[in-house]
Amino acid sequence: MNPFDTVAISTFGALVRDHAAARPDAAALSFADRRWTYAALDLHANRIAHALLRDGIVAGDRIAWLGRNSDVVALLALACARAGAIFVPINWRLAPLEIAHILADCGARALVLGDGYRTPAGAPPIATLDARTLVDGAWLDARMIAPDVAVDARDTVLMMYTSGTTGLPKGVMLSHRSLFGTSTLRRRTAVPWDDWSADDVTLVPVPLAHIGGFGMLARTLFFGGEAVVQEGFDPGDVLDAIAHRRISKVGLVPTAMKMVIDHPRSREVDYRRIRTMIYGAAPITLDLLREAIEVFGCRFAQSYGMSETSGTCVALPPDDHDVAGNPRMRSAGRALPGTELKIVDAAGVAVPDGTDGEIAIRCISVMNGYWNRPDATAQVLDADGWYRTGDAGCLDADGYLFIKDRLKDMIVSGAENIYPAEVENALADHPDVAQVAVIGVPDAHWGEAVKAVVVPAPGRSIDAPALIAWARTRIAAFKAPRSIDIVAALPHNASGKVQKAELRKRYWAGSERGVN
């Protein structure tokens, strides 16, 4: 039995309603020149929810968003929650064919398009709305009271699409309980460094189609703070927000942190209000930590999590960050309240501390499962609520989690998860390619970079730049290989499977672990 099943969790709609009743004029959300109080956010989301219901949306229907970050994302997500619908934000960086697949896979009833976006070719017939219609358009319903729709905390309210091992993305179903369970337990359990309050102003420059961005937004609204949403990441815009918007918390990947530090104005800004800078997707190097402390002068915390756990469930606290370095800085940290960790062998049996195996997580924020994929769900999530991450690692005697490698075939470049199968499928159709294997290799800027190792077809030659450009017409540019190595043959085992471990050895020689 999952020990967290008995914890009472509020719903997205109820949380915002309660803040609106207690602090109606408090700032909840800012974007560009628009600022929403909790009362305004509450009432406007009700108008959108009633409009969705009026137009035939019923509980469980999927409503998709395609566009960059906007306040409309928060409004639409909250409206879906109150109408009992499921919000599906789509990563705008994906290729049109990938977006069309997601729209078909989730069976979206409607698609809301951000400024400058249109329905991609190949998408199924679908009702579309312009984002501006949800802010000030005539489409809105006049009713400002909450719809009379029964919503349970276990209902799926958000669906994030992740890359898939088969080359097809999977929809991760997250409930109200998933999104707000960890915050509920953090409020009850003192975690001194992880203090959140209604006084917090958080900066959200990372994509809201990623759990990192949406999770930061959701946590801010849970505690009654203000989320300052930016259209996308730009170092200058980040500095402007810190200088003028009373920012107290920022979430960035190390690569983005370095870009902010390298900006010409980085040492002219007053950072004294920032209490914590949270980073994830990769560890921080000692050189970057030293420079970041010099510039920002705040606390730093590393987060580890994934879409399937609604984001952060393990964290390395500020006290374990040492500019001189220490063994714990090589870890991902310890489990947060509401999270249990264990390391298991291939049969799923827990192994002793210090023994390598697969990292398994049981937490209050774990997903409901993968959309329409019961077999894939059963492979990673058992009846007791343990989620097998596909990451290899170990626990020490003090509960610190050390990540060693990936059991699942995935590359993390910047903040993006990339499955080699997607890239291989795109490249394998090219007439010049006989065989291809895609791996992640160390990259000083992005952590890992996508590399393709290609065997030319008989009588053909490979034009590497042209092949990369060709791949970008079929998959998102960030998934396309950054480099291509041409070889006469790939290493295979006795059953004919490509031995990627052998390929990786050449590029990861001298590294402490096989991920970055």
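Trainee: How many cavities of 30 Å³ or more does a search of the whole structure find?

Mentor: This is a predicted model, in which local features need pLDDT of at least 70 and side-chain atom pairs count only at pLDDT 80 or more, while totals for chains, interfaces and linings use all residues. Residues are numbered from 1 along each chain as its sequence is written, and side-chain values use heavy atoms, with hydrogens and water left out. A cavity is a set of points, on a 1 Å grid over the protein atoms alone, where a 1.4 Å probe fits but cannot get out, and its lining residues have an atom within 4 Å of a point. With that rule, the number of cavities of 30 Å³ or more found in the whole structure is 3.

Trainee: Which element gives the largest share of the lining of the largest cavity?

Mentor: The largest cavity holds about 100 Å³ of space, a volume being the space filled by probe spheres set on the points, which are joined across faces, edges and corners. Its lining includes Ser178, Arg186, Arg219 and Thr312, and the elements that give two or more residues to it are α6 (176-188) and α7 (211-222). Helices here are DSSP runs (H or I, at least four residues) and strands likewise (E, at least two), numbered from the N terminus. The largest share, 5 residues, comes from α6.

Trainee: Which element gives the most to the lining of the second largest cavity?

Mentor: About 60 Å³ of space lies in the second largest cavity, whose lining residues include Trp193, Asp194, Gln302 and Leu336. Two or more residues come from each of β13 (299-306) and β14 (311-316). The element that gives the most, with 3 residues, is β13.

Trainee: How far apart in sequence are the parts that Asp240 and Arg265 tie together?

Mentor: A salt bridge is a side-chain nitrogen of Lys or Arg within 4 Å of a carboxyl oxygen of Asp or Glu, and Asp240 forms one with Arg265, their closest N and O atoms being 3.2 Å apart. Because Asp240 lies in helix α8 (residues 235-244) and Arg265 in the loop between α9 (254-261) and β12 (276-280), the pair ties together parts that are apart in sequence by 25 residues.

Trainee: Is Lys505 buried or exposed?

Mentor: Glu502 forms a salt bridge with Lys505, the closest N and O atoms being 3.1 Å apart, and both residues lie in helix α14 (residues 500-508). Buried means under 20% relative accessible area, exposed over 50%, and partly exposed in between (1.4 Å probe, protein chains only). At 52% relative accessibility, Lys505 counts as exposed.

Methods. On a 1 Å grid over the protein atoms alone, a cavity is a set of points where a 1.4 Å probe fits but cannot get out, and a pocket is an open set with protein on both sides within 12 Å along at least five of seven lines; lining residues have an atom within 4 Å of a point.
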